[in-house]
Amino acid sequence: MNDIPARHAAGTATDPLVDWADREASRRSSEVDRTEALRLLGSVSLGRIVFTQDALPAIRPVNHLLHRGEVIIRTHAGAALTTLTAHAEDEGVVVAYEADAIDPATHCGWSVVVTGYCHLVTDPDDLAHYQALLHPWTDHRMAHALRIRPDLVTGLRLSH
């Protein structure tokens, strides 16, 4: 039997569980609008891309930039998402992109999720532009770039 509810109900001032619950309860979450969510997303360079690989969810950490309201990431020829987008129909591949900035001490900050279609960047000028602005963090040769058009943008701010 789980004794956490019983200890929580007892509620002594020195009970660590009650102290933790009180601190957690003092935090608020509030939604941010699309404009603010995209501004926050553009303020960081690391996020996670979520896509479907072999009928299962796959998540990869990647660096990004926000350009003209679209999320741009670079990738290499052997990457699963590069292959998926290269063989996709005109609408592209549905992906989600998440980035956040959460303070580990206070647990305050924000999280943004963009959901939309991902396309391979094929224009040579655009590709050169993104290669000049977005530098890979790994030792792969990142010869490709992907563009995510944000159809759905949600954001959440955690504050005291």
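Which residue in E6 does Ala99 stand opposite? Val112 in E6 stands opposite Ala99. The model is predicted, so local features need pLDDT of at least 70, side-chain atom pairs count only at pLDDT 80 or more, and totals for chains, interfaces and linings use all residues. Residues are numbered from 1 along each chain as its sequence is written, and side-chain values use heavy atoms, with hydrogens and water left out.

Start with the strands. Helices (H or I, at least four residues) and strands (E, at least two) are DSSP runs, numbered from the N terminus. Two strands pair if DSSP finds at least two bridges between them. Strand E5 (residues 93-102) and strand E6 (residues 109-120) run antiparallel, joined by 10 bridges. Six residues lie between the strands in this hairpin, and His107 takes a positive phi near 60 degrees there. E6 also pairs with strand E7 (residues 144-159), antiparallel, over 12 bridges. Here Gly109 has Leu158 of E7 as its bridge partner.

Now turn to E2. E2 pairs with E3 in the antiparallel sense over eight bridges. Thr52 stands opposite Pro57 in E3. The hairpin of E2 and E3 has two residues between the strands, and Asp54 takes a positive phi near 55 degrees. E2 pairs with E5 as well, antiparallel, over three bridges. Arg48 has Glu98 in E5 as its bridge partner.

Glu98 sits in strand E5. Is Glu98 buried or exposed? Glu98 is buried, with a relative accessible area of 16%. Buried means under 20% relative accessible area, exposed over 50%, and partly exposed in between (1.4 Å probe, protein chains only). The Glu98 side chain makes a polar contact with the side chain of Arg48 at 2.5 Å. A second polar contact, of 2.9 Å, joins the side chains of Glu98 and Ser111. A polar contact is a pair of N or O atoms within 3.5 Å; within protein, one must be able to donate a hydrogen and the other to accept it, and residues adjacent in sequence count only if both atoms are side-chain atoms.

Last, the cores. A nonpolar core is a set of buried Ala, Val, Leu, Ile, Met, Phe, Trp, Tyr and Cys residues joined through side-chain atoms within 4.5 Å. The largest has 23 residues, of which Ile49, Leu81 and Tyr97 touch the most other members. Helix H3 (34-42), strand E2 (46-53), strand E3 (56-67), strand E4 (70-75), E5, E6 and E7 each supply at least two residues of this core. A second, separate core has seven residues, including Leu65, Val121, Leu127 and Leu134.
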